[in-house]
Amino acid sequence: MQPRNMSMSGVVDLAAVKAAQEAKAKAEQARAEAARQGGAGGAVSPADLVIDVDEAGFERDVLQRSAEVPVVIDFWAEWCQPCKQLSPVLERLAVEYNGRFLLAKIDVDANQMLMQQFGVQGIPAVFAVVAGQALPLFQGAAGEAQIRQTLDQLVQVGEERFGLTGLVVDPDAEPGGAEAAAPAAPAGPYDALLEAAVQALDAGDLGGAIQAYENVLNDDPGNMEAKLGLAQAELLQRVQGADPQQVRKDAADKPKDVQAQIAAADLDLVGGHVEDAFGRLIETVQRTAGEDRDAVRLRLLELFEVVGAEDPRVTAARRALARALF
């Protein structure tokens, strides 16, 4: 089987990516800071860069991980001879790229549903998931030079368009240690900044709260309290001054207007209608494409942050989003 076109142009608009240099710079800064603080706490071993994934762990191991690093998916089977040529190359490159992407291996015989969701017609087949979005890379055997070119484009898209920082790799880390390790201690004394953010929220100073949370994240990009607080403050700022009746009328009158649906979803969430907010945006994802779909998907991921990853409503919505995307 001959490989299909390896270019990612047409899947992701690389011309538009050039305008996002700031996102790349932030990704590099966050990666460098994580490496500086990194050590044993959040680092992974080279062995952790290649993982086996099944249907039960797909959301956790692929969709959620794709918010921090591009995940390359290798669909394979034991009986597939071209797979035995391609898979070792991908595994070696995963280690060589040193955390710039994560390789997820899926055995199609044991995971027929995932194969169907991705529309895999033959193997080997290689896809990527970047910030929750599935991208077909190539099908069939391919030369290493072509594979490297595709991976370079994928990493560039992840950094410049989505600001993905990648994974910090520590050759001395124990395999699986990043999952088992206790949360790393904060890199600095953030209690005062976090308290200032809460006080600003209580006083209605949303701009001040956002700035305080951003100050924490500039120094400690993985601070979950600051991430959650920032997502909540930004949501409140977006709905501040909005006319609820007009927002809902616009959403009802213009079901294909992406910004109208996003604005209504923000109001739904602020009003405590979590499932309505998620459902509205998932339905909008289903009927949009390109930049419109990206905008809706990214807002939905932001709202997941507001509610919290452990909330069962977020878990259910992530599954629904995966079905809508694939």
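Pro-70, Arg-100, Val-155, Gly-158, Glu-159, Leu-164, Thr-165 and Gly-166 line the second largest cavity. A cavity here is a set of points, on a 1 Å grid over the protein atoms alone, where a 1.4 Å probe fits but cannot get out, and lining residues have an atom within 4 Å of a point. This one holds about 40 Å³ of space, a volume being the space filled by probe spheres set on the points, with points joined across faces, edges and corners. Its lining has three nonpolar, three polar and two charged residues; Ala, Val, Leu, Ile, Met, Phe, Trp, Tyr, Cys and Pro count as nonpolar, Asp, Glu, Lys and Arg as charged, and the others, Gly among them, as polar.

Keep in mind that this is a predicted model, where local features need pLDDT of at least 70, side-chain atom pairs count only at pLDDT 80 or more, and totals for chains, interfaces and linings use all residues. Residues are numbered from 1 along each chain as its sequence is written, and side-chain values use heavy atoms, with hydrogens and water left out.

Now for the largest cavity, with about 70 Å³ of space. Its lining includes Leu-63, Ala-131 and Arg-318, and helix H15 (residues 312-325) gives the largest share, three residues. Helices (H or I, at least four residues) and strands (E, at least two) are DSSP runs, numbered from the N terminus.

Ala-131 also sits in the turn of a hairpin formed by E4 and E5, where its phi is positive, about 50 degrees. Strands E4 (residues 125-130) and E5 pair in the antiparallel sense over six bridges; pairing takes at least two DSSP bridges.

Terms used: 1 Å grid on protein atoms, 1.4 Å probe; cavity = no way out; pocket = protein on both sides within 12 Å on 5 of 7 lines; lining within 4 Å.
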